[in-house]
Amino acid sequence: MANLNRKVAVPAEEIDRQREFMLLVHDISEARFLSQGNYPKAFVRTYGCQGNVADGEKLKGMLEEMGYQLVDSPEGADFVLYNTCAIREHAEDRVFGNVGALKNNKRRNPSMLIGLCGCMMQQEHVAQKIKKSYPYVDLVFGTHAMHRFPELFYQALSSHCRVFEISQSDGVIAEGLPTHRDGQFKAWLPIMYGCNNFCTYCVVPYVRGRERSRQPEDILEEARELIAHGYKDITLLGQNVNSYGNDLQNGIRFPQLLQKINDLDGEFRIRFMTSHPKDCTHELIDTIARCDKVCNHIHLPVQSGNSRVLKAMNRRYTRESYLSLIEYAKQKIPNVSFTSDIIVGFPGETYEEFLQTVSLIEQVGYDSLYTFIFSPRKGTKAYDMPDPVSQEEKGKWFRELLAVQEKIGEGKYQALVGKTLRVLPEGPGKTGEGYLTGRSDSNVIVDFPGEDSLIGKFVNVTITKALNWAVLGELR
Ligand code: SAH
Ligand code: SF4
Ligand code: F3S
């Protein structure tokens, strides 16, 4: 079934063409390395959100198909690829710092190739800076060219010229690319790409293109495959999963998709992120409440507790409508837990307005928060807004907010003592010898003494003690 507005699917022939480039690169690898019993080595580092991590898994999958062995460090790698994030200045600075450090690697090993891709590269001014000031970077491509990585990599390998592909686009959907999954039990499952919301502080709509939904059949097939391979914790991904399906003609929206995945056979749990409050409906909350495999945890970023600031951010909900949504979810979903993102110091925010964010987090009682100080992003509306409050002052507010949340989090964890939670053990715990660690359905980290044979199997754990970063418990 077609997407409403435009053709977004990359044609199967184009994916086949990319597969041919994968074979060509494989031939080069074979001649240079494999014939001598060696593998060429690739190091891929992904910055930013889970959507970018899912892209990174595809890039790794393509590299494996091209004969590359994935390694954990840029040291000694034949190809280093940084899959970048542009969300805040700090994220960009980290990338520039790490790219700068690669200069020495390249001096020691001149035949190594360096590639940069992801959201930062989709910004013209960043790509220009790389072109001018980082001459040892061989390959640069933006988010819209990700599925053409094999072709671009082949060009870089065979031509010894620098390759740049950062053309603008509203974005596409490429099915059928190989994936190297980082986890054994937890998996990312993108259901849509891009964003239409243009929150005034945010760069994502500019670097990721317009919202586009994968076909439900493609998502369900991938979910079935994951379950068959033993994945037990599946997170559905999109910048705003609540607008899933708005561009499809088949009438399937996010609640129906959740229900369909919930109906698949197998023992697994479903998470999703991110839910935008403006599109979070009662129907969705009722669906979460009804679906036994959907976790009772909602990441519902509020950004600010003040309606004027929310309007200036173009979030399109108010403090009151957000709180009434939370109330509805608390009524309908037993033991529901919430997490959120907060921006402190949006241009023009006053201390009184900031205090409304503090009172909102007290009222909701989040398990935990992801808090950020506003970072101006070129090209966004907020970049040009008057911003009179100093960084120092914003830092003070930020610490005030953290202190309040710390207390709330402690209370939330303390309230779990004596309760029994279903946990998926993922590996050895930090608490000590013989401990395992995993997450509860509500996404709390739980450490408990247990055998390694339990890793990847759901267990029930009774909570005995609350720490500030996790809870401790015993197998029931
Ligand atoms: N699509 C998600 C958010 C993705 S970005 C949503 O709408 O909820 C993750 C978080 O980064 C945002 O929720 C916001 O809190 C933060 N963020 C985005 N742009 C920012 C900026 N310019 N400065 C500071 N924080 C920002
Ligand atoms: Fe950014 Fe807003 Fe889109 Fe989230 S919904 S990605 S914050 S523009
Ligand atoms: Fe960063 Fe791009 Fe995600 S800007 S947060 S990696 S969509």
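**Thr281 and its loop**

I started with Thr281, which I found in the loop between β11 (269-273) and α9. Helices here are DSSP runs of H or I with at least four residues, strands are runs of E with at least two, and both are numbered from the N terminus. The model is predicted, so local features need pLDDT of at least 70 and side-chain atom pairs count only at pLDDT 80 or more, while totals for chains, interfaces and linings use all residues. Residues are numbered from 1 along each chain as its sequence is written, chains are lettered from A and ligands numbered from 1 in the order in which they are written, and side-chain values use heavy atoms, with hydrogens and water left out.

Is Thr281 buried or exposed, or in between? It counts as partly exposed, at 36% relative accessibility. For the cut-offs, buried is under 20% relative accessible area, exposed is over 50%, and partly exposed is in between (1.4 Å probe, protein chains only). I also checked Thr281 against Leu325: they are 44 residues apart along the chain, and their C-alpha atoms are separated by 8.1 Å.

Thr274 sits in the loop between β11 and α9 as well. The peptide bond leading from Met273 to Thr274 is cis, with omega near 5°. I noted beside it that most peptide bonds are trans and most residues other than glycine have a negative phi.

**Helix α9 and its two partners**

Next I followed the chain into α9 (residues 282-290) and looked at α11 (residues 319-332): their axes come within 10 Å and cross at roughly 25°. That makes α9 roughly parallel to α11. My angle classes are roughly parallel under 35 degrees, roughly antiparallel over 145, roughly perpendicular from 65 to 115, and oblique for the rest. The axes are lines fitted to C-alpha atoms, for helices over the stretch in contact, and angles run from 0 to 180 degrees between N-to-C directions.

From α9, His282, Ile285, Asp286 and Ala289 meet Leu325, Tyr328, Ala329 and Lys332 of α11. Contact means heavy atoms within 4.5 Å. I sorted these residues into five nonpolar, one polar and two charged. In that sorting Ala, Val, Leu, Ile, Met, Phe, Trp, Tyr, Cys and Pro are nonpolar, Asp, Glu, Lys and Arg are charged, and the others, Gly among them, are polar.

Then I turned to α8 (residues 254-262), whose axis comes within 9 Å of that of α9, with a crossing of roughly 10°. α8 and α9 are therefore roughly parallel to each other. Phe254, Pro255, Gln256, Leu258 and Gln259 of α8 meet Glu283, Leu284, Thr287, Ile288 and Arg290 of α9. By class I get five nonpolar, three polar and two charged residues.

**Helices α2 and α5**

How do α2 (residues 50-65) and α5 (residues 149-159) pack? Their axes are 10 Å apart, at an angle of about 55°. The two helices are therefore oblique to each other, and α2 passes α5 in a right-handed crossing. Leu59, Met62 and Leu63 of α2 make the contact with Phe149, Pro150 and Phe153 of α5. These residues divide into six nonpolar, no polar and no charged.

The buried residues I found in α5 are Phe149, Pro150, Glu151, Leu152, Phe153, Ala156 and Leu157. Their cover includes α1 (12-32), α2, β3 (79-84) and β4 (113-118). Just after α5, I noticed His160 with a positive phi of about 60°.

**Two buried polar side chains**

Gln303 is in the loop between β12 (297-299) and α10 (307-312). It counts as buried, at 7% relative accessibility. Its side chain makes a polar contact of 3.4 Å with the side chain of Tyr201. A polar contact here is a pair of N or O atoms within 3.5 Å; within protein, one must be able to donate a hydrogen and the other to accept it, and residues adjacent in sequence count only if both atoms are side-chain atoms.

His297, in strand β12, is also buried, with a relative accessible area of 11%. I found its side chain in polar contact with that of Thr339, at 3.0 Å.

Asn335, in the loop between α11 and β13 (337-344), has a positive phi of about 55° although it is not a glycine. Asn335 is exposed, with a relative accessible area of 62%.

Notes: A crossing is left-handed if the near helix is turned anticlockwise from the far one by less than a right angle, and right-handed if clockwise.
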